[in-house]
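Trainee: I would like a close look at one part of this model. Please take the salt bridges and the strands around them, and keep it connected.

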Amino acid sequence: MPSFTMRYSLDRTNSLQLRYRSKSSAPSVTSLQNVIDNSNPLFLSAGNPDLDQQLSHTANLRYLRTTKSGHTFIAMVGATIQQDYVADSTFVAKEDMELTPSVTLSKGAQFTRPVNMDGYYSLQSMLTYGFPIDFIRSNINLSLSANYANVPTIFDGIESKTRELNLIPKIIIGSNISNNLDFTASYSAGINKMFSSLDTATGSDYVTHTASAKLGWTFFWGLTFRSTFDYIGYTGLDTGTEDYFLWNLSLGKKFLKNNAAEIRVEAFDVLKQNQAFTHSIGSNYYDYINSNVLKPYAMISFVYTIR
């Protein structure tokens with residue numbers, strides 16, 4: 001598979017990079033096995049032993065500007081095309097159907113099998129600007145990412161497209177005070193819009209808010225204190241998903257030569273609010289999945305850094 005990279009320096013502070021790469025991806029064993037998965041009676045699935053590998057071609061162009069005063073600007077655009085994309089082919093049973101002597105597809109249930117299709121492409125772009133703030137001895141980074149994907153599918157014998165648009169504005173403040181004190185604060189909003197070309201499928205729009213703060217401090221006699229605090233919230237989701245906070249704490253002691261060793265006590269999810277939520281796209285539906293998570297716990301760790 002071919003690849004190509006070109007770098008060109010306009011001057012000491014400005015440069016361009018053009019990159020192209022291609023790769024092949026073999027289907028998974030599960031996708032190739034002609035075995036029916038009936039763990040969910042409403043959504044049956046099976047593999048396809050006739051699947052071919054999918055080929056992807058990605059190209060991106062990046063512009064980078066850096067200055068002696070610490071200002072950085074990055075702009076990037078890119079695109080990906082996949083041939084023989086492994087897509088879902090789904091149909092709904094109009095009446096009870098016998099798939100095998102031991103498996104029956106009930107009326108109204110769906111059966112999905114992977115097939116190779118052309119027509120997948122995605123577009124990516126990003127803008128980033130970073131600069132120092134001297135009075136708090138920190139750096140600020142502002143960024144905006146925009147991504148678009150066009151995913152081919154088949155539903156009841158009709159080819160359709162599932163499209164997804166993501167916009168992610170983000171701000172990060174990172175300290176540059178000393179080796180003994182470090183903090184980072186950030187906020188990002190993931191703006192998601194998903195829709196299908198099928199008239200029967202409705203769109204799905206929601207926003208994910210993520211705010212984070214991180215502190216690391218080494219003070220008297222090699223004692224260390226670390227804390228991470230995250231807020232995750234959702235707008236536009238009518239799934240009963242609640243906003244939550246995730247707070248972790250750590251207290252430790254460094255010792256041995258050059259403070260290479262550290263023993264620490266860590267507490268995870270102090271507020272007992274941790275959740276796990278994901279949103280995914282099917283051929284004609286959207287999945288809202290809440291998963292079990294690890295409950296709050298404490299742990300004693302010994303860390304030795306080899307330099």
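This is a predicted model: local features need pLDDT of at least 70, side-chain atom pairs count only at pLDDT 80 or more; totals for chains, interfaces and linings use all residues.

Mentor: The cut-off is 4 Å, from a Lys or Arg side-chain nitrogen to an Asp or Glu carboxyl oxygen.

Start with Glu 262. The side chain of Arg 226 meets Glu 262 in a salt bridge, N to O at 2.8 Å. Arg 226 sits in strand E16 (residues 223–235) and Glu 262 in strand E18, so the pair ties together parts 36 residues apart in sequence. Glu 262 is also bridged to Arg 264, with the closest N and O atoms 3.1 Å apart. These salt bridges share partners, and they join Arg 226, Glu 262 and Arg 264 into one network.

Glu 262 counts as buried because its relative accessibility is 5%, under the 20% limit. Arg 264 and Glu 262 are both buried. Arg 226 has a relative accessible area of 29%, so it is partly exposed.

Leu 256 counts as exposed because its relative accessibility is 52%. Lys 272 is not a glycine either, and its phi is positive, near 55 degrees. Its relative accessible area is 68%, so Lys 272 is exposed.

Next, another of the salt bridges. The side chains of Lys 94 and Asp 156 meet at 3.6 Å, N to O. This pair links distant parts of the chain, 62 residues apart. Lys 94 is in the loop between E7 and strand E8 (97–100), while Asp 156 is in the loop between E12 and E13. Lys 94 is exposed because its relative accessible area is 60%. Asp 156 counts as partly exposed because its relative accessibility is 31%.

E12 and strand E13 (residues 158–175) run antiparallel and are joined by 18 bridges. Ile 154 stands opposite Glu 159 in E13.

E12 has other partners too. It pairs with strand E11 (residues 120–133) in the antiparallel sense, over 13 bridges. Gly 130 stands opposite Asn 141 in E12. E11 and E12 form a hairpin with four residues between them. Arg 137 is in that turn, with a positive phi of about 50 degrees.

Strand E7 (residues 85–92) pairs with strand E12 (residues 138–155) in the parallel sense, over two bridges. Thr 90 has Phe 155 in E12 as its bridge partner. So what do we have around the Lys 94–Asp 156 pair? Lys 94 is in the loop between E7 and E8, and Asp 156 is in the loop between E12 and E13; E7 and E12 are themselves paired.

Side chains also connect E11 and E12. The whole structure holds 13 aromatic pairs. One of them is Tyr 121 with Tyr 148: centres 6.2 Å apart, planes at 40 degrees, so the pair is tilted. Tyr 121 lies in strand E11 and Tyr 148 in strand E12, so the pair ties together parts 27 residues apart in sequence. Tyr 121 counts as partly exposed because its relative accessibility is 32%.

Compare that geometry with Trp 217 and Phe 219. They form a tilted aromatic pair, 4.7 Å centre to centre, with 35 degrees between the planes. Trp 217 counts as partly exposed because its relative accessibility is 40%. Phe 219 also counts as partly exposed because its value is 25%. Trp 217, Phe 219, Phe 220 and Trp 221 form one aromatic cluster.

The side chains of Thr 80 and Thr 58 are joined at 3.1 Å. Thr 80 is in strand E6 (residues 72–83). Its relative accessible area is 11%, so Thr 80 is buried.

Methods:
Residues are numbered from 1 along each chain as its sequence is written. Side-chain values use heavy atoms; hydrogens and water are left out. Two strands pair if DSSP finds at least two bridges between them. Rings of Phe, Tyr and Trp (its six-membered ring) pair if their centres lie within 6.5 Å; planes under 30 degrees apart count as stacked, over 60 as edge-to-face and the rest as tilted. Buried means under 20% relative accessible area, exposed over 50%, partly exposed in between (1.4 Å probe, protein chains only). A polar contact is a pair of N or O atoms within 3.5 Å; within protein, one must be able to donate a hydrogen and the other to accept it, and residues adjacent in sequence count only if both atoms are side-chain atoms.
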